[in-house]
Structures are given as C-alpha cells and as structure tokens.
Amino acid sequence: MSKVFNEAMHGVVSLFATVRRFFSSKLVYRVLVLAVFLIFLVAGQSLGLNLNSISWHWVFLSAALAIPLLVCNAGEYWLIAKTNGLNLKLAHCIRVTLIGSVANLLPIPGQSATRIADMGSRDVTLPRAAGTTLAAGALWAGWLFLVAGAASLDQKNALWPATLSATGVFCCLLSMTRISDSRSRFRWLLAGSGIELLSVLIAWLRLML
C-alpha cells in the first residue's frame, strides 16, 4: 500500500514540477500579466465602473499589503522546510510562493503542490512533505477560526464564538500532532502562530479596504 501511495505521489510531483517549469517561463508571465489587465478592464465595464468612481488610494494601499502577505506566506514555507531539515533562503521561499500563487489559478491546490514538489526534489520524503504542508494549513485555519471567534464576541448568542474558538484550538492542536519531532513542536507552534496570525490579520485588513 505504501509503495502504491509513493508511486502515486511521485506522479503528482512530476506533474506539478512540469507545471512549475511552465509557469516559470518569462513568456507565460507576460501572457498572464496581459490577461489580468484585460480581465480587469472587462470586469470594470461589466460592473459599470469608471476610473473616476474608484477610490484609488484604498486600492493601492490594499495592493501594497500584498507584499507583507507574500513575505508571510514565504515565511510559512521557510518554517515548513526548516521543520523538514532544510535551510532555504527567504528569496527562494518567495520564488516558490510566487509560482504557487500562479499555480493556484488552476483548479488544483497549486501552492501546496508546488511546495511539496520543491521539498521532494531536495530529498524530503513525499509523505513527510505533504504532512507538514497540511499541518501549516491546519494552523492557518486554527487562527482563522480563533480570530473569527474573537470578532463575533459582541453577539448575544455566545454559542457561535465559543464554537469558532473551540474549532480554532482543535485545528492548532491537530497541526502540532503532524510534527513528528517533539523538539520542533514548540518552534512550530510559536513561529507558525505568529506567521499565521499576521497573515489572517493582513488578509482581513485587505478585505476591509
């Protein structure tokens, strides 16, 4: 069963490695930039927007916040790699994050697949790479639920914030169980919680803007 799983994972990694090489080409980046610009124009026309009706200072501020959000996502990948015994440079983590963000445009979990493929190419076993990647997702979901629970405290019904908070704590604990090395769990929880909480708050602020 383990052999079948590893062969299947190798096939998936090979597929996403091909996707990563494809999206890394300069031609694809230029086509994507052009496509995004054209989609922006079509969407604006369909919504009846014009350049004078847009509060550009809020748009630019929200766009500027994409930079610290990118750094947070790259920091998350650095922590995942560090937990798997890899010492990656932040510049490389940013590059993998950018490629994963483009791959997310496909109907697949492109960010996770790109990270797993990158770690798999560095002698990290695929089950371990997938496990720590899922653990990061669980930790992010945990803090998302915790922030949502805190934001709903002003409601008269206390069941809803209590349920959200309990779900958040469960996700955080579930994330820690995916870290096999007990010495890395404290660093995972401390550093990972800081990264995920900051990511959630930046995303919330961008939505507000």
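**Notes on a predicted all-helix model**

1. Let's start with cysteine 93, which is buried at a relative accessible area of 0%. Buried here means under 20% relative accessible area, exposed means over 50%, and partly exposed falls in between (1.4 Å probe, protein chains only). Searching the whole structure turns up 0 disulfides, where a disulfide is a pair of cysteine sulfur atoms within 2.5 Å. Cysteine 171 is in no disulfide, and the nearest cysteine sulfur, that of cysteine 172, sits 7.0 Å away. Cysteine 171 also counts as buried, at 12% relative accessibility.

2. Before going on, how to read the model. It is predicted, so local features need pLDDT of at least 70 and side-chain atom pairs count only at pLDDT 80 or more, while totals for chains, interfaces and linings use all residues. Residues are numbered from 1 along each chain as its sequence is written, and side-chain values use heavy atoms, with hydrogens and water left out.

3. What is the chain built from? The protein chain has 9 helices and 0 strands, so its pattern along the sequence reads α-α-α-α-α-α-α-α-α (helices are DSSP runs of H or I with at least four residues, strands are runs of E with at least two, and both are numbered from the N terminus). Of the 209 residues in the protein chain, 34% are buried.

4. Now look at helix 5. Cys93 from point 1 turns up here, in the buried set of His92, Cys93, Val96, Thr97, Ile99, Gly100, Val102 and Ala103.

5. Why is helix 6 described as largely enclosed by the rest of the structure? Because 9 of its 11 residues are buried. They are Gly110, Gln111, Ala113, Thr114, Arg115, Ile116, Ala117, Asp118 and Met119. Threonine 114, found in helix 6, counts as buried at 3% relative accessibility. Threonine 114 and leucine 98 are 16 residues apart in sequence, and their C-alpha atoms are 9.9 Å apart in space.

6. Move on to the loop between helix 6 and helix 7, where you'll find aspartate 123. Is aspartate 123 buried or exposed? With 77% relative accessibility, aspartate 123 counts as exposed. Its backbone deserves a check too: aspartate 123 has a positive phi of about 70° although it is not a glycine. For background, most residues other than glycine have a negative phi.

7. Helix 9 has 27 residues and reaches 39 Å from its first C-alpha to its last, close to the 39 Å expected at 1.5 Å a residue. Still, helix 9 has a kink of about 25°, centred on tryptophan 188 (the bend at a residue is the angle between axes fitted to the seven residues ending there and the seven starting there). Trp188 is itself buried, and other buried residues of helix 9 include Ser184, Gly192, Glu196 and Ile202. Leucine 201, also in helix 9, counts as partly exposed at 38% relative accessibility. Leucine 201 lies 54 residues from valine 147 in sequence, yet the two are 8.4 Å apart in space, C-alpha to C-alpha.

8. Next, the largest pocket, with a volume of about 1100 Å³. A pocket is an open set of points on a 1 Å grid over the protein atoms alone, where a 1.4 Å probe fits and protein lies on both sides within 12 Å along at least five of seven lines; lining residues have an atom within 4 Å of a point. Points are joined across faces, edges and corners, and the volume is the space filled by probe spheres set on them. Of the 36 lining residues, Ala66, Leu69, Asn73, Ser101 and Arg206 are closest to the centre. Helix 7 gives the most to this lining, with 9 residues. The lining of the largest pocket splits into 23 nonpolar, 9 polar and 4 charged (Ala, Val, Leu, Ile, Met, Phe, Trp, Tyr, Cys and Pro are nonpolar, Asp, Glu, Lys and Arg charged, the others, Gly among them, polar).

9. Finally, the second largest pocket holds about 250 Å³ of space. Its lining residues include Phe40, Gln45, Asn50 and Trp56. Helix 2 and helix 3 each give two or more residues to that lining, with helix 2 giving the most, 5 residues. By type, the lining of the second largest pocket has 9 nonpolar, 3 polar and no charged residues.

Terms used: The expected span of a helix is 1.5 Å times one less than its number of residues.
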